[in-house]
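Let's take a walk through this model together, one region at a time. Keep the 3D view open as you read.

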Amino acid sequence: MTHSVWQQATFRPPYVLGVVWDKSHTHGGTRQPGLARADRLRCRPSGILWPMPPVVRVERLVKTFQIAERRPGFGGALAGLFRRRYRAVRAVDGISFDIDPGELVGYIGPNGAGKSTTVKVLSGILVPDSGICRVLGRVPWEERIATVAQLGVVFGQRTQLWWDLPVLESFDLLRDIYRVPRTAYESARDELIALLELAPLLDVPVRQLSLGQRMRCDLAASLLHAPRLLFLDEPTIGLDAVSKLAVRDFVRRLNRERGVTVILTTHDLDDIEALCNRVLVIGQGRILCDGSLAELRGRVTTQRCLTVDLEDAGAVVDCPGAVVVGRDGHRVHLRFDPVQVPAPEMISRFVSRHAVRDLFVENPPIEEIVARLFAQESARKP
Amino acid sequence: MKPYLAVVAARFRVHVQYRAAALAGAGTQLFWGLIRVMIFEAFYRSSTAVQPISMAQVASYVWLSQATFAMLPDHVEAEIRDTIRDGNVASELLRPVDIYWVWYCRCLSFTLIPTLMRCFPILLLAGLFFGLKPPPSAAAAAAAGAALLGAMLLSSAITALVSIGLLWTISGEGIARLSFAAAYLFSGMMLPLPLFPDWLRAIAVALPYHGVIDVPFRLYLGHIPPSAAPAALAAQAGWIVALVLAGRLLLKRGLTRLVVQGG
Amino acid sequence: MPGTLALYGRYASASVKSQLEYRASFLMHAAGNFLLSGIDFCTLWALFNRFGTIRGWTLAEVALLYGMVNLSFALAEALARGFGTFETLVRHGGFDRMLLRPRSTALQVAGQEVQLMRVGRFFQGGGVLLWAAASLDVRWTAAKVTLTAAAIIGGACLFAGLFVLQATLTFFTTSTLEIVNTVTYGGVETAQYPLSVYRPWFRGFFTFVVPLACVNYLPAHALLERNDPLGSPSWLRWAAPLAGVLFLTVALRIWELGVRHYRSTGS
């Protein structure tokens, strides 16, 4: 396999070390629960264990927006032409975190929580009010061009390809934009084409691609310049199951085999489960949780959703360990705690008691987890 | 009547939200009016020959046409265009209304409401500062009022016809563009018809577009005397009837074609 | 700089290829563009047919002004149209994508859309200019041909500058964009006639605020070897097209300020 363009050596971040190191004394930040991660160890005076600087460093980042208030009526509209009233909204309210080379971090939170503001600051689009931010050693808003040259960004809902051009021409254009040397470009392109199976799509205008095909092409497009850091914004939104798996598989390989650092925002908890070793939860502009998915679940809820389609719509459902939370004809929604009853046992327990057409187990949606996290946070504070 | 009025009312509510845009649009028309009046003044000062229309009349003509700029049939109706483009015409057929009149009402509101929202500030400022004169007689005012109403109906009939033409995709686009260009030239919007060379004026008079700008405003100026108003209004009405009938016929053919081809 | 120009060329060819995907629609637009600007000239001709001259200028002399300004505007519209439709770009998040790329934003916005259909106005304006050049009693020296080209390019820069200013305004407000639009299109109309026909305040605006006179009226005097009733010195007539380039430069500086504002407010 050629790897001339993947500049950085492949490596795995040493998550295996089982020591929690409190770094509050070095940064003055609040102690955050989390995995025993290399950056914690790096804070040791010796500094020998892990000399690599973090890919992203964010400290006490604040970003406020001025929202124009509209006044009602014709007079209001007229007055609004000349003078506006503004209301300040804190989109990001003093967040801090580090991301090490080779991490694959899920960044989740409800709409309007400050996710996209953070990503925009990290990628140099937005200038924050205060706080420290380094991306690949640079201040992104001061050195926008140098920063974004090493960044790949994929938006699930917006393509970066040229709508009416064949995919391959979009790739060529991106080569010119990112000033990628020809040989490096060609090997990266051919490799991505092989990995993502794009060969049959190259001559098709982007507007004729299906969503899944387009997403694969977008992923390739964002990697042609061999970025060291990749932002993925809802990369699986609207995709069918097969495409979702293909995207996840590719992202995983990219991270594991190339060591590309990935920050992933998503509403799909399955994405996180499949990919991320670490999850950052943001709500109302603050980091609510920084740790593994299991830790997050453990902090909030251990419950799973069990959805069953019964043979007999009128049957009385009775299954110890599970609580019925909703019912809609043949379909019954239940909750159970896998710590008390493991999922396989719950399923067999249910099937032994009721005639079942179909059944599946799901995680509670992100919104619910975050909402609970919020409730806990606000309950803790007076 | 009710569904048709509802079409107009809905459009009115949409447009009222864009008051600031309407105000800016009025500003644009004022600026253009100023440029045009200055150019006409310079031409009139450069020649001693007697012209078929006086400079004062031209100034009023220009301001009136700037104020009613939105009335010019130089567009296809956006909703109809989108319906056709997205292939949703069939769903329009499911409604228990006469599709031509629904479309006509859309065209009417698309013309009427922006005109009403823009014309008053222009007329006011032009009347106060820039040489727009009131009509010379009550008869001229009445005739102009009737002709303006007719102009509105006529403009909508043209827009409806051109929009229906989009059912024939490519040729419809082409004809629409020709019609827009003709509307600019032959309505009198760019140059009052009395200043045209005779042969070009003959073409303009043979086309329906002059009923939108030239007829109402020359009635306003008394340039068409009130005594000739009935004939002018009858010609305008004739065009409205003819274009509505043509539109209905075209729509029927277009829909049949659509059903046959399964578009 | 050569790299930048090459990239602009790549953008332009991508945009043109996209438009040629819809060949029939493109031909229609180009023909419509030709027709509408042709009607403009038709009106001008009809006026001269009736009045003979305007303030001592003949049809052929005015046609020179007309041809130059329309060529300028067609070039600007074709090459910097991306700025003209910038509001949509911002609203749909396309500008954020440009900020994510390691190139100047102005270059990306300009290259985003190169409107080929403007060949309609370009050919119409070019035809009128050639007709004027042939029917005028002017010795076409190399210097004069150069000045004509400079005036056309200066004019294109000026109109491009106006598009840039309009786009910059999008960062601050959405309700006053039409003002710049009015100046742009009104400017084209204005410059089709000699500046001396307008009232003094109006002449002042299009000389000192938006220096349209410098890329059209003033160089035309040098080309026609006329005396300017407004009394401009003769060296100015030869140097004036530079004002268009200067205008674009200033506009691009203001654009940078606008981008900075956008990045601090994210509005």
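A contact here means heavy atoms within 4.5 Å. This is a predicted model, in which local features need pLDDT of at least 70 and side-chain atom pairs count only at pLDDT 80 or more, while totals for chains, interfaces and linings use all residues. Residues are numbered from 1 along each chain as its sequence is written, chains are lettered from A and ligands numbered from 1 in the order in which they are written, and side-chain values use heavy atoms, with hydrogens and water left out.

Start with B:Ser155. Leaving aside residues up to four places away in sequence, B:Ser155 touches B:Met71, B:Leu72, B:Pro73, B:Thr111 and B:Val212. B:Ser155 counts as buried because its relative accessibility is 0%; buried means under 20% relative accessible area, exposed over 50%, and partly exposed in between (1.4 Å probe, protein chains only).

Now turn to chain A, where an open sheet of 6 strands runs in the order β5-β6-β7-β3-β8-β9 with mixed pairing. Two strands pair if DSSP finds at least two bridges between them. At the edges sit β5 (151-155) and β9 (286-291) of chain A, each pairing on one side only. From one strand to the next, the twist averages 15°. Within this sheet, β6 (residues 229-233) and β7 (residues 261-265) of chain A are parallel, over 5 bridges, and A:Phe231 has A:Ile263 as its bridge partner in β7(A). Across β5 and β6 of chain A lies helix α8 (residues 211-223) of chain A, at about 165° to β5(A). For such angles, axes are lines fitted to C-alpha atoms, for helices over the stretch in contact, and the angles run from 0 to 180 degrees between N-to-C directions.

Further along chain A, strand β12 (residues 331-336) is joined to β10 (residues 304-310) by 6 bridges in the antiparallel sense. Strand β11 (residues 322-328) of chain A also runs antiparallel to β12(A), with 6 bridges. β11(A) and β12(A) form a hairpin with 2 residues between them, and A:Gly329 in the turn has a positive phi of about 65°.

Finally, look at two charges over rings (NZ of Lys or CZ of Arg within 6 Å of the ring centre and within 35 degrees of the ring normal). A:Arg158 lies over the face of A:Phe155, at 4.7 Å from the ring centre, and C:Arg226 over that of C:Trp57, at 4.3 Å.

Key: Helix = DSSP H or I, 4+ residues; strand = E, 2+ residues; numbered from the N terminus.
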